[in-house]
Amino acid sequence: MNVFINTFLLCYAGLFPIINPVGNIPLFLSLTRSHTNRERNALAGRVAINSFFLLLASLLVGSHVLEFFGISLPVVRIGGGLVVTAFGWHLLNSGVSVDGDAAAASPAPKPLDTFYPFTMPLTVGPGSMAAAIALGSQRPSLAGLPELVLLGAAAIAGLLAISATIYLCYRFAEGTISRLGPGGTNVVVRLSAFILVCIGIQIIWTGWTGLMALPH
């Protein structure tokens with residue numbers, strides 16, 4: 001039982017601050033402001049499901065896929081950091097209105113793509129994928145089948161808990177942000193977008209540092 005709890009906490013605590021679903025609430029709400037609450041709630045569920053399977057794939061086979069293609073984790077961080085930086089920069093300079101004006105000006109909003117940008121890179125970015133790959137690569141090689149099954153079940157439980165947290169944060173985004181008002185929400189959105197740009201640059205720098213440290 002202790003092994004199960006420790007593995008569960010390792011997965012959840014290791015991924016939660018990187019995914020940061022609470023900090024993503026303003027961005028999620030601003031990108032879905034022209035849609036109804038029903039559409040937003042359905043989107044929250046699909047993003048949570050997509051995030052679970054993306055993290056699960058990274059955890060179970062991510063290291064093997066990278067090894068097959070000869071790609072190192074620093075390269076993944078650099079490529080993913082570029083995506084995060086570009087997305088944050090676009091959001092920072094976009095004309096998204098968080099007070100409902102965009103919805104009034106656009107009677108026929110575009111269909112929502114549940115994978116980009118909501119699942120990746122907004123929710124599951126290169127940092128969380130790299131963390132999941134690292135967690136998956138740390139499984140003991142000499143462990144027996146029962147221990148591997150227990151560790152796998154604990155890891156999946158941790159991913160399910162992360163996905164449930166993502167759903168709850170996005171599901172109740174409207175109520176969370178409504179207390180800030182239109183002006184306060186706009187400030188938070190812009191600040192969050194700027195932080196996202198900084199995170200992307202930090203991921204690029206971390207990847208570059210790791211790449212330079214590799215033997216040539």
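Let's begin with rings: F8, Y12 and F16 are joined into a cluster by ring pairs. By a pair I mean Phe, Tyr or Trp rings (for Trp, the six-membered one) with centres within 6.5 Å; planes under 30 degrees apart are stacked, over 60 edge-to-face, and the rest tilted. Before I go on, this is a predicted model, where local features need pLDDT of at least 70 and side-chain atom pairs count only at pLDDT 80 or more, while totals for chains, interfaces and linings use all residues. Residues are numbered from 1 along each chain as its sequence is written, and side-chain values use heavy atoms, with hydrogens and water left out.

How many aromatic pairs does a search of the whole structure find? Six. One of them is F28 with F118, an edge-to-face pair with 5.8 Å centre to centre and 75° between the planes. That pair links distant parts of the chain, since F28 is in helix α2 and F118 in helix α6, 90 residues apart. Helices here are DSSP runs of H or I, at least four residues, numbered from the N terminus. F28 and F118 are both buried; buried is under 20% relative accessible area, exposed is over 50%, and partly exposed is in between, using a 1.4 Å probe and protein chains only. Then there's F52 with F53, edge-to-face as well, at 5.2 Å centre to centre and 75° between the planes. F52 has 12% relative accessibility, so it goes down as buried.

One more ring, this time with a charge: the charged end of R171 sits over the ring of F172, 4.9 Å from its centre. The rule for that is NZ of Lys or CZ of Arg within 6 Å of the ring centre and within 35 degrees of the ring normal.

Now the core. The largest nonpolar core has 35 residues, and F28 is among those with the most contacts inside it, as are L122 and Y170. A nonpolar core is a set of buried Ala, Val, Leu, Ile, Met, Phe, Trp, Tyr and Cys residues joined through side-chain atoms within 4.5 Å. Helix α3, residues 37–69, gives this core its largest share, eight residues. What does L122 touch, not counting residues up to four places away in sequence? N24, L27, F28, L31, F87, P117 and Y170, with contact meaning heavy atoms within 4.5 Å.

On to helix α6, residues 114–123, which is where P117 lies. The peptide bond from Y116 to P117 is cis, with omega near 5°. T123 is another α6 residue, and at 2% relative accessibility it counts as buried. Its side chain reaches the backbone oxygen of F118 at 2.7 Å.

Two last stops. N20 has phi near 50°, a positive value in a residue other than glycine. N20 is in the loop between α1 (2–19) and α2 (25–31), and it's partly exposed at 34% relative accessible area. As for helix α7, its buried residues include P126, M129, I133 and G136. Its twelve residues, 126–137, should span 16 Å, and the end C-alpha atoms are 16 Å apart, which agrees; the expected span is 1.5 Å times one less than the number of residues.

Conventions: Helices (H or I, at least four residues) and strands (E, at least two) are DSSP runs, numbered from the N terminus. A polar contact is a pair of N or O atoms within 3.5 Å; within protein, one must be able to donate a hydrogen and the other to accept it, and residues adjacent in sequence count only if both atoms are side-chain atoms.
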